[in-house]
Amino acid sequence: MKRDAGAESIPRLQRGILRLALGFHGQNADLDAKLKQLGVHIRNGQRDSSLQQLIDDIVDTIVSLDIERK
């Protein structure tokens, strides 16, 4: 049986984003709160639009933190 590559890539992307974001843990209280929310979403198996919005918010926050460091 052929596996759905798209379905497998979602959890991998979420884990990758979480690992990347953890590198910024402790540098910004807002990011820390979002990371905690992401962990809850992933543990609960939630894959809805609120999860995507949270991931987008995390990425935006990381980008802004990186820009501030330069």
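Predicted model: local features only at pLDDT ≥ 70, side-chain atom pairs only at ≥ 80, totals over all residues.
View 1. Setting aside neighbours within four places in sequence, the residues in contact with T61 are N28, D30, L31 and K34. Among these, K34 also meets T61 through a polar contact between the two side chains, at 3.0 Å.

**View 2. The salt bridge between K34 and D30.** The closest N and O atoms of K34 and D30 are 3.0 Å apart, and the two residues form a salt bridge. Side chains of opposite charge can pair when their charged atoms come close. K34 and D30 both belong to helix α2, which covers residues 29–43. Because they are four residues apart in that helix, about one helical turn separates them. A search of the whole structure finds one salt bridge.

**View 3. Exposure of the K34 and D30 residues.** K34 has a relative accessible area of 15% and is therefore buried. D30 has 42% relative accessibility, so D30 counts as partly exposed; that class lies between 20% and 50%. Both residues are in contact with T61, and the side chain of K34 takes part in a polar contact with the side chain of T61.

View 4. V59 is part of helix α3, which spans residues 49–69. With a relative accessibility of 36%, V59 counts as partly exposed.

**View 5. The whole chain, as context for the close-ups.** The chain contains three helices and zero strands. Read from the N terminus, its elements run α-α-α. The chain has 70 residues, and 26% of them are buried. Of the contacts between residues at least 6 apart in sequence, 53% join residues at least 24 apart.

Note on methods
Residues numbered from 1 in each chain as written. Heavy atoms only, no water. Helix = DSSP H or I, 4+ residues; strand = E, 2+ residues; numbered from the N terminus. Buried < 20%, exposed > 50% of the residue type's maximum accessible area, 1.4 Å probe, protein only. Contact = heavy atoms within 4.5 Å. Salt bridge = Lys/Arg side-chain N within 4 Å of Asp/Glu carboxyl O. Polar contact = N/O pair within 3.5 Å; in protein donor to acceptor, adjacent residues only side chain to side chain.
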